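Let's take a walk through this structure together, one region at a time. Have the sequence and the 3D view open as you read.

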Amino acid sequence: MTKRWLAAIWLLSMMVVPWQAHAELIIEITGGTEAALPIAVVPFGSEGIAAPEDISAVISNDLARSGRFAPLPKQDLISQPHEKEEINFRDWRLLRSEGLLVGKVSSVDGETYQVQFQLFDVYNAQQLVGKRYQVPASGLRRLAHQIADQIYQTLTGEMGVFSTRLAFVTAIANADGKKRFALQVSDSDGANPRTVLQSKQPILSPNWSPDGERLTYVSFENGKAEVFVQEMSSGRRDSVAAFKGLNSAPAWSPDGTRLALTLSKSGNPEIYILELATGKLSRVTHNSQAIDTEAVWMPNGRELLFTSDRGGRPQIYKVSAEGGRAKRVSFEGSYNASPDISSDGHFMTMTHGLNGKFYIAVQDLDTGAVQILTETGRDESPSFAPNGRMILYATEQQGKGVLAAVSVDGRIHQRLGESGTEVREPAWSPIRK
Amino acid sequence: MKLFKLSVVLFILMWLSACTTLGLGKKDTDAATDGAEVAVEDRSADSASIGGDNASGDAETTVIVGEDQYQGDELNDPASPLSNRVVYFEYDSSAVRQEDQTTLAAHAAYMGEHQNVTMRLIGHTDERGSREYNLALGERRAMAIRQILMLHGADIKQFQVTSFGEERPQAEGHDESAWQQNRRVELIYVGQ
């Protein structure tokens with residue numbers, strides 16, 4: 001049933017925007033919904049010209065996908081109210097669902113819709129949150145994600161991330177056997193994938209600017225690894241690092257003015273900081289024997305975590321953005337790389353090697369405790385959701401690269417299935433302001 | 001389920017028609033043709049002379065292997081250690097194996113005698129672990145080869161070093177037999 005429903009939505013979204021349907025991801029929850037909170041999402045009422053998006057279905061799917069909520073099956077909904085006056089709270093209490101979402105969509109003209117929603121606490125018969133919007137037809141899906149964010153935040157007290165986006169790289173083998181690479185951006189549910197860069201050469205390490213307006217990434221289009229910055233709205237792109245040797249692993253500073261990146265122009269991979277406005281470079285690491293790469297910024301903007309094999313094997317270190325002595329952070333396991341930091345700065349996720357296999361692990365930076373969250377042994381490249389609840393990562397299924405997500409407590413697992421394309425290098429966008 | 005299958009078919013059709021028109025950066029990247037992935041530098045007249053055509057009459061490049069006399073540039077002699085253009089590595093290692101020393105010494109000697117020759121060293125890794133770390137590891141492997149070639153008489157100016165990390169596997173599999181073919185440095189004479 002769920003699969004069929006997802007397929008239907010998927011098909012619908014492709015019909016709406018067929019020219020964008022390049023590599024649709026389908027999100028499947030693969031485990032861990034036992035403790036989910038029941039919620040009643042009543043299909044929204046419709047007035048006038050039918051909306052091209054099923055708003056309540058998008059909201060319901062978002063909530064279910066988070067693993068935190070269990071929307072009641074449609075056949076269990078005892079009535080179909082669309083506003084407070086139509087709700088008999090006594091009836092709804094029997095369903096043991098604490099939250100009740102109702103709403104309606106009315107067409108203002110062919111292009112514009114008015115959407116209203118109300119979330120009720122069933123036991124106290126009280127409205128928790130309710131709003132009305134007017135949006136163009138093309139904005140309906142995004143609005144649905146924003147409403148889901150508000151419901152999530154109201155009921156859990158944490159920021160919702162349904163209206164964020166994902167960036168990832170796809171690789172397709174053409175009939176001639178040659179690979180074609182694409183950098184894509186989709187909604188957080190995998191819908192509306194949009195190719196922002198295509199290349200015959202590999203693309204790596206996408207990373208979002210803090211305002212979500214730009215991406216930086218590594219492209220081999222000139223025969224070697226070089227760093228680019230691309231503006232999402234205009235498609236305008238600039239080469240920002242094309243020095244001799246490697247130019248790679250770019251990471252945006254929290255204030256958006258600088259990139260930390262790896263350059264080997266000195267003859268060895270070192271971490272540098274590039275000031276975007278001036279092009280001024282400052283060198284952070286000075287260990288000419290070791291690989292130093294994959295810098296990420298601590299939320300304070302003053303320190304970096306990075307991968308280094310200065311101790312013999314790759315491990316994670318912390319260093320001041322001004323340079324100076326680096327301090328080792330990861331101690332468990334023979335291989336730790338690709339760090340990412342939760343927005344509160346308390347958790348680090350990384351690719352954790354154990355007996356030749358690779359898992360996604362999370363380390364409490366305050367206590368040092370490490371928890372391994374995944375199982376396949378071919379997991380890599382973790383990226384925190386901007387609320388720190390979920391970690392998106394790359395894994396393999398039947399020899400093909402796919403994306404998956406796991407909650408930071410390891411309880412909720414999702415797989416982002418995809419239609420025949422190799423998918424890798426995920427990066428979760430920041431929350432749109 | 002039928003709907004699901006139908007949508008897959010639909011998707012593929014749409015994708016096929018869509019992929020010719022997609023991509024903001026298409027214009028830029030199309031310039032990087034397959035040939036350009038080896039960003040060959042302008043060849044000087046000098047380096048062109050190492051080609052077989054010009055070299056056949058040059059006594060210095062005639063090699064005698066066993067009883068066969070190979071007439072031509074020794075670079076093109078299949079029996080010469082110079083015909084070996086790939087060096088393989090152990091997992092997460094850039095240490096050059098003993099058995100590759102002869103090959104490398106021969107290349108170094110050739111380069112030392114032909115100072116106008118340039119070589120591109122392209123480092124690669126297997127797919128395991130971090131892509132960015134592997135990019136750096138591929139470069140380190142290429143640098144290790146360059147170091148040995150320089151110790152045996154080649155000059156630093158004769159090299160271009162590049163790494164593709166795990167992005168260009170020679171074998172597509174996901175097991176040790178594929179991995180060991182992928183942990184390699186390719187030695188490419190520019191212009192050959």
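In chain A, the domain assignment gives domain 1, covering residues 32–156, and domain 2, covering residues 165–428. Keep in mind as you look around that this is a predicted model. Taken over C-alpha atoms, the centres of domain 1 of chain A and domain 2 of chain A are 36 Å apart. Where these two domains of chain A touch, domain 1 contributes 11 residues and domain 2 contributes 10 residues.

How much area do domain 1 of chain A and domain 2 of chain A bury between them? The figure is about 870 Å², and 39% of it is on carbon and sulfur atoms. Polar links can be found here too: between domain 1 of chain A and domain 2 of chain A there are four residue pairs in polar contact, both residues being at pLDDT 80 or more. The elements of chain A that give two or more residues to the side of domain 1 touching domain 2 are α2 and α4 (140–156). The largest share of that side comes from α4(A), with three residues.

Salt bridges also cross the interface of domain 1 of chain A and domain 2 of chain A, and the rule finds two of them. To look at a salt bridge in detail, find A:D187 and A:R141, whose side chains meet at 3.9 Å, N to O.

Now turn to helix α2 of chain A, which spans residues 55–65. Is this helix largely enclosed or left open by the rest of the structure? Nine of its 11 residues are buried, so α2(A) is largely enclosed by the rest of the structure. Among the buried residues are A:I55, A:V58, A:I59 and A:L63, and also A:D62 and A:R65. Just after α2(A) comes A:G67, which takes a positive phi of about 80°.

Next, look for a sheet in chain A. Four strands form an open sheet in the order β19-β20-β21-β22, with antiparallel pairing. Strands β19 (292–297) and β22 (327–328) of chain A stand at the edges with a single partner strand each, so one side of each has no neighbour in the sheet.

With a relative accessible area of 8%, A:S383 is buried, because buried means under 20%. Which backbone nitrogen does the side chain of A:S383 reach? That of A:W428, at 3.0 Å. Not counting residues up to four places away in sequence, A:S383 touches A:D340, A:M390, A:I391, A:L392, A:P426, A:A427 and A:W428.

Finally, move over to chain B, where B:E139 lies in helix α6 (residues 131–151). B:E139 counts as buried, at 4% relative accessibility. Leaving aside neighbours within four places in sequence, B:E139 is in contact with B:V161 and B:S163, and with residues of chain A including A:G245, A:L246, A:S264 and A:P269.

Technical notes:
Residues are numbered from 1 along each chain as its sequence is written. Chains are lettered from A and ligands numbered from 1 in the order in which they are written. This is a predicted model: local features need pLDDT of at least 70, side-chain atom pairs count only at pLDDT 80 or more; totals for chains, interfaces and linings use all residues. Side-chain values use heavy atoms; hydrogens and water are left out. Buried means under 20% relative accessible area, exposed over 50%, partly exposed in between (1.4 Å probe, protein chains only). Contact means heavy atoms within 4.5 Å. Two strands pair if DSSP finds at least two bridges between them. Domain bounds come from an automatic or database domain assignment. Buried area is the accessible area (1.4 Å probe) that two parts lose on being put together, summed over both. A salt bridge is a side-chain nitrogen of Lys or Arg within 4 Å of a carboxyl oxygen of Asp or Glu. A polar contact is a pair of N or O atoms within 3.5 Å; within protein, one must be able to donate a hydrogen and the other to accept it, and residues adjacent in sequence count only if both atoms are side-chain atoms.
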